[in-house]
Amino acid sequence: MKRFRFLTVVVLVLLAVACSSSDESGEATDNFDRKTLLENIADNIVIPAYQSFSVDMAALRTATSDFVSTTDESNLVELRQAWSTAFVSWQSVSMFEIGKAEEISFRNFMNVYPVSSTNIETNISSGTYDLTSVSQQDEQGFGSLDFLINGLSDSDTAIVGFYTDATTGVNYENYLTDLVTRMDDMTSEVLNDWTGDFRDSFVNNSGSSATSSLDKLVNDFIFHYEKHLRAGKIGIPAGVFSGTPLDDRVEAIYKGDLSKTLFNANLDALQDFFNGKHFTSNTTGQSLKTYLDFLNTIKDGEDLSNLINNQFNTARTIATNLNEDFSEQVRTNNSLMLNTYDELQKNVVFLKVDMLQAIAINIDFVDADGD
Amino acid sequence: MKFQLNEYFKKNTEAAPLAVFRIFFGLMMLISIIRFWSYGWIDKLYIQPTFFFSYYGFDFIKPIGNYTYVIFLLCAISAIFVMIGYKYRLAIIVFFLSFTYIELMDKTTYLNHYYFISILSFLLIFLPANSYYSLDAKLKGVSFQKIPSWTIDVIKLLLGIVYFYAGLAKLNSDWLVKAMPLKIWLPSKYDIPLIGDLMQEQWVHYAFSYTGAIYDLTIPFLLLFRKTRIFAFIMVVVFHVLTRVLFPIGMFPYIMIVGALIFFESNIHHKILQFISRVSGVKKVTFDTNEILNIQSRRVKIIKPVLGVFFVIQLLLPFRYVLYPGELFWTEEGYRFSWRVMLMEKAGYANFKIVNEKTGQRFYVDNDDFLTPFQQKQMATQPDFILEYANYLKSHFEKQGHQNVQVFVESYVALNGRLSSQYIDPKVDLGKQKESFKHKTWIIPFKDEIKGL
């Protein structure tokens, strides 16, 4: 190996000499430091976002225990508020399915929808369930909480009634507590990993292999954009994949008027990630945007980062006209929902085709030989 | 002329280079298959997918479930037989058939290298590679130390074609004027020790492009002449090891390095065989008979036209693209089997829409339901893949009970750093289109121009 490196250097030096006579101006293209990019993502985006989410999860846990100890309508309203806050906060971290989050399938346990209300009821009445089982993802997370605090009945009095029922009330309380505890525990697990060893191994894994941090993160980012934002929040309810609208597939279906807020929070988080914008601040650092701009100085192509940002903005503008409740939107005027989908779709092309090509990242570890 | 050719066919040479070539070829193939198997690629590429892309006219060749492993096993065993030269003719035929079968199962995995192995093993069927230092020769007690020169020269010719045509293909404006696609690929190799930083420099991209083209065009000739041979071989090693470091190209660099040995004089091969006989205990001296192999004239009468046609095809096939309109890199009509290696960075996205022709009701297909990520990647940039998949979707949804099924695709492709643009006419019902060797009129023409061969 050493000998080979020597040979390479010799060849390269020869090449350098051979080419020095050409009138290449040798533009000063400073090397882009991927490590700085990863540091910015870890220290200014991912970790602060998880910390903030973790605070909101802790508040949700407190609100839950308050509700369980004093089960009344005012505590239900408090709990609902804490749930909404945490759910919106979740939209800033859901795309980072890497490290511990990937290991424990964080996203699938936290936010699968639609949930199965029948199975939830079964779990509650039997009192025996294993929430760590993959088969139980449809019975927990934000969607199941949505059912438990918004979906049991139309009136708050009746919902509280489920928890104060002399015989089955305790089962409801236990299930609610178990769900929130598990979500909070998983969140701590993921956050502790980031603030512990994972941050450094993430930042130091700055290579270009299929398992490097940047490769994985970019794949996660695009996957999330395509599957969870474009399809999950908009496309599937709008019936893009089924032919007919499915108004029961929206996020936070029982709460109803939260789906647009969740969508916007997620759209913002994805665009901020792309631009390297620090969490809850207007400062920006090294990001996919600056990386694309750097690569563009080499190949002198179209201003891709600008195109991507414009497309993010177009989708956001179109979506402003949507109803707060996507379920309602799908029923009354689905074409507006489809228009939003179309604008989101255009960025899939920029992200998945043009951006991946520019930064020479393979789609999801296609590990086979090339020519 | 005819007289000269006859004279040429009478010329004899040492059999050792061909024997060494046979041994290394068998060994490399064996390692390749073990490597492929151990990475779990048989399962991943040929067992797990539910749909496979066929070559036009070969749609009856498919993976056969778990029995696919048997084909690989057969291929590995025949490689061993080739290596030791036991029942050589049968072994190389089985190898050619099993290897080619594997390659025909799914064109997603098409690589020029695999095609090269296929046609090389076909060529080897007609060569007396077991006449010297083989188990066949030992068992029969007849070893031929000399064989007709042409039996070695045809391998050199094939190797020469591969390199030279790969060089010709690089003579285009993207490669030479824009240094594409190396300008995209090399900066992503920033983390390679020592040379990582250089990969960001423009002049390096151009240097690599030009050296690559010059290397491919000249290396067959440099290997042919005795005076330049050592230098050429060093270049072969450096070039292929460098490509191995920079790109994920598997076993191919080693195969080419070992293959280039065939250009050397026989004294080197005798030394290699001496080394092998010391390691293996199979004594080389017993094969050194000075006997000359005379291939039966009856056989030669068959071999000559077969190889004649074979090489004419090899020389013409890469140029078939001139029969198609449009930009070759964009339409890829006539792109495969032409030694066009590492010329394109092409990425695409294809979103299929199923429409009921009568009611206008429509929905989009989730490609994950049918294709692996690898298949999706290959499908999105190649029209014949898009068509085959569209036809499959049509029959799939018809079987599900959908009526009046039309298949449209919204697809975008980016080529060598250009911004992506629409690839396939979104208004054409692909369900009605059939595969053929004719030009596919529903490919939207390339917006730019790439000059060159």
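Mentor: The discussion below concerns a predicted model and takes up its terms one by one.

Trainee: Why is A:Thr280 called exposed?

Mentor: A:Thr280 has 10 other C-beta atoms within 10 Å. A residue counts as exposed with 12 or fewer, so A:Thr280 is exposed. A:Thr280 lies in the loop between α11 (259-275) and α12 (288-299) of chain A. Its phi is near 45°, a positive value in a residue other than glycine.

Trainee: Why does B:Glu332 count as buried?

Mentor: B:Glu332 has 22 C-beta neighbours inside 10 Å. The cut-off for a buried residue is 20 or more, and therefore B:Glu332 is placed in that class. B:Glu332 also has a positive phi, about 60°, although it is not a glycine. Its place is the loop between α16 (328-331) and β3 of chain B.

Trainee: What makes helix α17 of chain B mostly covered?

Mentor: Helix α17 (residues 373-380) of chain B has eight residues, and seven of them are buried. Among them are B:Phe374, B:Lys377 and B:Met379. The buried residues of α17(B) pack against β3, α18 and β5 of chain B.

Trainee: How many bridges do β3(B) and β5(B) have?

Mentor: β3(B) and β5(B) pair in the antiparallel sense over eleven bridges; B:Ile354 stands opposite B:Val407 in β5(B). β3(B) and β4(B) pair over three bridges, likewise antiparallel. Five residues lie between β3(B) and β4(B) in their hairpin, and B:Gly360 in the turn has a positive phi of about 80°.

Trainee: What is the order of the four strands in the open sheet of chain B, and which are the edge strands?

Mentor: The order is β4-β3-β5-β6. The edge strands are β4 (362-364) and β6 (421-422) of chain B, as each pairs on one side only. Helix α15 (residues 334-358) of chain A packs on this sheet and touches β3 (346-356) and β5 of chain B. The direction of α15(A) makes about 155° with that of β3(B). Helix α18 (residues 383-399) of chain B also packs on the sheet, touching β3 and β5 of chain B.

Trainee: What describes the packing of α6 and α9 in chain A?

Mentor: Two packed helices are described by the angle between their axes and the distance between the axes. For α6 (residues 117-126) and α9 (residues 169-204) of chain A, the angle is about 115° and the axes are 8 Å apart. Their crossing is right-handed. A:Asn123, A:Ile124 and A:Ser125 in α6(A) meet A:Asn171, A:Tyr172 and A:Tyr175 in α9(A). By class, this contact has three nonpolar, three polar and no charged residues.

Trainee: What is the omega of the peptide bond that joins A:Tyr113 and A:Pro114?

Mentor: That peptide bond is cis, and its omega is about 0°. A:Pro114 lies in the loop between α5 (106-110) and α6 of chain A. In chain B, the peptide bond from B:Met180 to B:Pro181 is cis as well, with omega near 5°.

Technical notes: Residues numbered from 1 in each chain as written. Chains lettered and ligands numbered in written order. Predicted model: local features only at pLDDT ≥ 70, side-chain atom pairs only at ≥ 80, totals over all residues. Pairing = 2+ DSSP bridges. Helix = DSSP H or I, 4+ residues; strand = E, 2+ residues; numbered from the N terminus. Contact = placed C-beta atoms within 7 Å. Axes fitted to C-alpha atoms, helices over the stretch in contact; angles between N-to-C directions. Left-handed = near helix turned anticlockwise from the far one by under 90°. Nonpolar A, V, L, I, M, F, W, Y, C, P; charged D, E, K, R; others polar.
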